[in-house]
Amino acid sequence: MNCYDRRDVGLLLLRLGTGGVLAAHGAQKLFGWFGGHGIEGTGRFMESVGYSPGKASATAAGFAEAGGGTLLALGLATPAAGAAAAGAMTGAAAVHMPNGFFAQEGGYEYAATLGLAAAGLAVAGPGRLSLDHAFGHVFDRGWMVPAALGVTAAVTAVVVGTRNMRVRREKEGEQESLFDE
């Protein structure tokens, strides 16, 4: 007889909530569901905030969110799923950073919260109420946690760093007029 403790139930709830929200956000980007703009519209937005090429950036973000979120909710390949979602949310937080912390002002609070929850799940593991547990943790080995988070951190640093340089370069290219007309 299996006896699940409150930790397993808590991880299940955290996985379902975080994973569900991330999957819905990814579906907005990929398919235009839930009031989203699909790949084309999201691609134009991504381009406007410095992620280029926009369509490829929208696709990558959509798959990281939808795929990572779905896998987190299922508790499958939890290290990779959590890392992918955390990377996508780091990219979103970079866009919102100039607006401060709180979401009501357009800040990065929401993206940071989802990213930290996803990273926390990657580290903590899915619990016993998960597909990873049912499959004997084949996709949830201890070595996979630092590998997934390390690779994702490196890729995210390059992507966000390139985006930030592009935005900074565009701002520097804009010159204010010296005299009022």
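The model is predicted.

**Helix pairs**

| Pair | Axes come within | Crossing angle | Handedness |
|---|---|---|---|
| α4 and α7 | 9 Å | roughly 20° | right-handed |
| α1 and α5 | 10 Å | roughly 130° | left-handed |
| α2 and α3 | 7 Å | roughly 110° | right-handed |

Helix α4 covers residues 78-96 and helix α7 covers residues 144-173, and their axes cross at roughly 20°. Angles under 35 degrees count as roughly parallel, so α4 is roughly parallel to α7. On the α4 side, the residues in contact are P79, A80, A83, A84, G87, T90, G91, A94 and V95; they meet M144, V145, A148, L149, T152, T156, V160, R163 and N164 of α7. Sorted by class, this contact has 11 nonpolar, 6 polar and 1 charged residues.

For α1 and α5, the axes cross at roughly 130°. That angle makes α1 oblique to α5. Helix α1 contributes L11, L14, R15, T18, V21, L22 and H25 to the contact, while α5 contributes Y110, L114, A117, A118, L121 and A124. The classes here are 10 nonpolar, 2 polar and 1 charged residues.

The axes of α2 and α3 come within 7 Å and cross at roughly 110°. An angle of 65 to 115 degrees counts as roughly perpendicular, and α2 and α3 are therefore roughly perpendicular to each other. In α2, the residues I39, E40, T42, G43, M46 and E47 touch G54, K55, S57, A58, T59 and A61 of α3. This contact has 4 nonpolar, 5 polar and 3 charged residues.

**The largest pocket**

Rolling a probe the size of a water molecule over the atoms shows where empty space is left. In this model, the largest pocket holds about 970 Å³ of space. Which residues lie nearest the centre of this pocket? They are K29, M46, A61, E65 and A88, out of 40 residues that line the pocket. Elements that give two or more residues to the lining are α1 (6-31), α2 (38-48), α3 (54-74), α4, α5 (109-124) and α7. By class, the lining has 21 nonpolar, 16 polar and 3 charged residues.

Two of the residues nearest the centre return from the helix contacts: M46 and A61 lie nearest the centre of the pocket, and M46 of α2 and A61 of α3 also belong to the contact between these helices.

Methods: Residues are numbered from 1 along each chain as its sequence is written. This is a predicted model: local features need pLDDT of at least 70, side-chain atom pairs count only at pLDDT 80 or more; totals for chains, interfaces and linings use all residues. Side-chain values use heavy atoms; hydrogens and water are left out. Axes are lines fitted to C-alpha atoms, for helices over the stretch in contact, and angles run from 0 to 180 degrees between N-to-C directions. Helices (H or I, at least four residues) and strands (E, at least two) are DSSP runs, numbered from the N terminus. Angles under 35 degrees count as roughly parallel, over 145 as roughly antiparallel, 65 to 115 as roughly perpendicular and the rest as oblique. A crossing is left-handed if the near helix is turned anticlockwise from the far one by less than a right angle, and right-handed if clockwise. Contact means heavy atoms within 4.5 Å. Ala, Val, Leu, Ile, Met, Phe, Trp, Tyr, Cys and Pro count as nonpolar, Asp, Glu, Lys and Arg as charged, and the others, Gly among them, as polar. On a 1 Å grid over the protein atoms alone, a cavity is a set of points where a 1.4 Å probe fits but cannot get out, and a pocket is an open set with protein on both sides within 12 Å along at least five of seven lines; lining residues have an atom within 4 Å of a point. Grid points are joined across faces, edges and corners, and a volume is the space filled by probe spheres set on the points.
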